[in-house]
Amino acid sequence: GSNDGAVADLAIGLRRACLRQIPAADRAAHAGEWRGVVGEELACKRVGILGWGRIGRNVARRLAGFDVSL
């Protein structure tokens with residue numbers, strides 16, 4: 001149970017990276033083709049959480065500050 005918070009943080013961070021297309025921007029920057037970071041915001045999105053154990057509840061708690069609906 002000691003890693004629940006870290007796993008919840010990682011899950012949200014990975015989702016935000018995908019929304020903002022950070023992996024693609026990173027690859028482009030390494031190839032010398034900086035084009036800026038574009039993508040969508042997390043705010044006002046509907047988020048589904050699979051499982052309502054300790055990690056799922058931690059994810060929901062952290063998402064409360066992002067103005068999302070669960």
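In the predicted model, a search of the whole structure identified three salt bridges. One of them joins Asp-4 to Arg-54, with 2.7 Å between the closest N and O atoms. Asp-4 belongs to helix α1 and Arg-54 to helix α3, so this pair ties together parts of the chain that lie 50 residues apart in sequence. Asp-4 is buried, at a relative accessible area of 10%.

A salt bridge is also formed by the side chains of Asp-9 and Arg-62, with an N to O distance of 2.4 Å. This pair again links distant parts of the chain, since Asp-9 is in helix α1 and Arg-62 in helix α3, 53 residues apart. Asp-9 is partly exposed, with a relative accessibility of 43%, and Arg-62 is likewise partly exposed, at 30%.

Lys-45 and Glu-40 meet through their side chains in a salt bridge of 3.0 Å, N to O. Lys-45 has a relative accessibility of 27% and counts as partly exposed; Glu-40, at 44%, is also classed as partly exposed.

In soluble globular proteins, nonpolar side chains tend to be buried together. The largest nonpolar core of the model consists of eight residues: Ala-8, Ile-12, Leu-19, Leu-42, Val-47, Val-59, Leu-63 and Val-68. Helices α1 (4-19) and α3 (54-63) each contribute at least two residues to this core, and α1 gives the most, with three. When neighbours within four places in sequence are set aside, Leu-63 is in contact with Ile-12, Leu-42, Val-47, Val-68 and Leu-70.

Note on methods:
Residues numbered from 1 in each chain as written. Predicted model: local features only at pLDDT ≥ 70, side-chain atom pairs only at ≥ 80, totals over all residues. Heavy atoms only, no water. Core = buried A, V, L, I, M, F, W, Y, C linked by side-chain atoms within 4.5 Å. Buried < 20%, exposed > 50% of the residue type's maximum accessible area, 1.4 Å probe, protein only. Helix = DSSP H or I, 4+ residues; strand = E, 2+ residues; numbered from the N terminus. Contact = heavy atoms within 4.5 Å. Salt bridge = Lys/Arg side-chain N within 4 Å of Asp/Glu carboxyl O.
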